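Here is a short report on one structure. Read it alongside the model.

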Amino acid sequence: MLLYGASGHAKVIISCLRANGVPISGIFDDDLQKKSLWSIPVIGKYDPNFDNKSLLIIAIGNNQIRRKIASSIHHQFGKVAHPSAIIDDSVKMSAGSVIFHNVVVQADVSIGKHVIINTSSSVDHDCTLGDFVHIAPNATLCGNVQVGEGTLIGAGTIVTPNITIGKNCLIAAGSVITKDIPDFAIVRGNPARVLKITFD
Ligand SMILES: CC(=O)SCCNC(=O)CCNC(=O)[C@H](O)C(C)(C)COP(=O)(O)OP(=O)(O)OC[C@H]1O[C@@H](n2cnc3c(N)ncnc32)[C@H](O)[C@@H]1OP(=O)(O)O
């Protein structure tokens, strides 16, 4: 496997890959000062010819940056789940996505491309996560929640059942979402309120 991004987020992906016995041949990073991460070579800017049979995971937590980089990558994308995660057999997980330690993903969840399901979060039955979504640590999505592409569900957020959250939203850490949320909303609180709608 190859990674793109030699960050703290990459360390957690490396932990997942090592726990699955998957070797990592190198990490691309635009910061040429970085030379290695946990003894894995950092090989500089993206090179489509480097180990081009290998799969690649973009190890960048920011949804918009991850989306921008994905459009410029020629490698096929890999995916990984830590063995401590409990993932129902009916779950569909697309390329580029990662599931971290102690996560639970329940029946008939659909996970888009390049999604992050972070440490100890819970995604319950029939949820749909769009491409480039990030479910931050310890968030809870109850049953049949739809999350639009590019949205961040902040750490510790609770989303009640049958809610639809739009695209490119920022749900602040610790929010409790009880109503549908429109696209591009910044949302905070318990019960959560839309603070503003942003289009960039
Ligand atoms: C492994 C990982 O680390 S994954 C990382 C996942 N990331 C997250 O979950 C973080 C999500 N981000 C947040 O919750 C952020 O706090 C944001 C984006 C909502 C707000 O960020 P900013 O716009 O920079 O707000 P800022 O920090 O300036 O705070 C503004 C005010 O809102 C308050 N505030 C900030 N975040 C929250 C929050 N989540 N809930 C309630 N109040 C908050 C601040 O205390 C401050 O209050 P004050 O004006 O009374 O002092």
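Predicted model: local features only at pLDDT ≥ 70, side-chain atom pairs only at ≥ 80, totals over all residues.

L32 touches G44 and K45, leaving aside residues up to four places away in sequence; contact means heavy atoms within 4.5 Å. L32 sits in the loop between β2 (26-28) and β3 (36-37). Helices (H or I, at least four residues) and strands (E, at least two) are DSSP runs, numbered from the N terminus.

Residues are numbered from 1 along each chain as its sequence is written, and side-chain values use heavy atoms, with hydrogens and water left out.

**Domains and their interface**

The domain assignment gives domain 1 (2-70) and domain 2 (81-185). Such bounds come from an automatic or database assignment. The C-alpha centres of the two domains lie 23 Å apart. Across the interface, 16 residues of domain 1 are in contact with 18 residues of domain 2.

The area buried between domain 1 and domain 2 is about 1,300 Å², and carbon and sulfur atoms give 59% of it. Buried area is the accessible area (1.4 Å probe) that two parts lose on being put together, summed over both. N63, R66 and R67 supply 37% of the area that domain 1 buries against domain 2, more than any other three residues.

How many salt bridges does the rule find across the interface of domain 1 and domain 2? It finds 1. The criterion is a side-chain nitrogen of Lys or Arg within 4 Å of a carboxyl oxygen of Asp or Glu. The side chains of R67 and E149 meet in a salt bridge, at 2.6 Å, N to O.

On the side of domain 1 that touches domain 2, α1 (8-19), β5 (56-58) and α2 (63-70) each supply at least two residues. The most come from α1, with 6 residues.

**Ligand surroundings**

Residues around the ligand include N118, H134, P137, L170 and R188; the cut-off is a heavy atom within 4 Å.

| Residue atom (N or O) | Ligand atom | Distance |
|---|---|---|
| A155, backbone | oxygen | 2.8 Å |
| A173, backbone | nitrogen | 2.8 Å |
| R188, side chain | oxygen | 2.8 Å |

Technical notes:
Polar contact = N/O pair within 3.5 Å; in protein donor to acceptor, adjacent residues only side chain to side chain.
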